[in-house]
Amino acid sequence: MSMIGRYLRLGAGELERAAREPEWVRAFVEELDEADDGARTGGWARLHETGKAWQALDFLLRRREFPVDLVHGERELPGAGDWGYGPPSLITAERVRLAAGALALLGPGELTEGVAGADLAAAGVYPRSLWREEESLHLVTSEYRALADFLRAVATRRHGVLVWIE
């Protein structure tokens, strides 16, 4: 099984409820995972995944001193426990808006500028074997574009996100 980065869009009231009742948000994610109603598609998407590119995105965004921790979140969800590879974390609506604005200014080519797949492998970025092929950076740029689109839609709605690795 692969490690993947996941995101859940939550409104202000839902973010507050998640902080008070982490078991509620876990059940909500499970309901969305079981439903086949478009929770992952379109501008109203609730869920987003970055697949295996999560750690490469983290590596590349940190290298650019990105102002928001998009991969690990910014504030651990209290009492949530382990959701796969650690507890989920929150990114507030204000920080999502900041991230969306910064993503709009950083194109995919700029994100990967000066980096080869071999650099990701040498840095131990998961999954190391994937980065041996130069075309592998296309996976990262594709996931970057999709994440930027998702966060732009989240920011437009003034929502926040819950982030975790599973």
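This is a predicted model: local features need pLDDT of at least 70, side-chain atom pairs count only at pLDDT 80 or more; totals for chains, interfaces and linings use all residues.
Local features need pLDDT of at least 70 and side-chain atom pairs count only at pLDDT 80 or more, while totals for chains, interfaces and linings use all residues. Residues are numbered from 1 along each chain as its sequence is written, and side-chain values use heavy atoms, with hydrogens and water left out.

**Cores**

A nonpolar core is a set of buried Ala, Val, Leu, Ile, Met, Phe, Trp, Tyr and Cys residues joined through side-chain atoms within 4.5 Å. Buried means under 20% relative accessible area, exposed over 50%, and partly exposed in between (1.4 Å probe, protein chains only). The largest core has 38 residues. Within that core, L57, F66, L70, L120, L151 and V161 touch the most other members. At least two residues each come from α3 (54–63), α4 (93–105), α6 (117–122), α7 (136–156) and β5 (160–165). The biggest contribution is that of α7, with nine residues. Helices (H or I, at least four residues) and strands (E, at least two) are DSSP runs, numbered from the N terminus.

F66 is in contact (heavy atoms within 4.5 Å) with L61, A99, A102, L103 and L106, leaving aside neighbours within four places in sequence. A second, separate core holds 16 residues, including L10, A80, L90 and W164.

**Helix pairs**

Axes are lines fitted to C-alpha atoms, for helices over the stretch in contact, and angles run from 0 to 180 degrees between N-to-C directions.

| Pair | Angle | Axis distance |
|---|---|---|
| α4 and α7 | about 135° | 9 Å apart |
| α1 (residues 12–20) and α2 (residues 22–34) | roughly 120° | within 5 Å |

The α4 and α7 angle makes α4 oblique to α7. Angles under 35 degrees count as roughly parallel, over 145 as roughly antiparallel, 65 to 115 as roughly perpendicular and the rest as oblique. On the α4 side, V96, R97, A100 and L103 make the contact; on the α7 side, Y144, A148, L151, R152, V154 and A155 do. These residues divide into eight nonpolar, no polar and two charged. Ala, Val, Leu, Ile, Met, Phe, Trp, Tyr, Cys and Pro count as nonpolar, Asp, Glu, Lys and Arg as charged, and the others, Gly among them, as polar.

Between α1 and α2, E14, R17, A18, A19 and R20 meet P22, W24 and V25.

**A buried aspartate**

D58 sits in helix α3. D58 counts as buried because its relative accessibility is 11%. Not counting residues up to four places away in sequence, D58 touches D69, V71 and H72.
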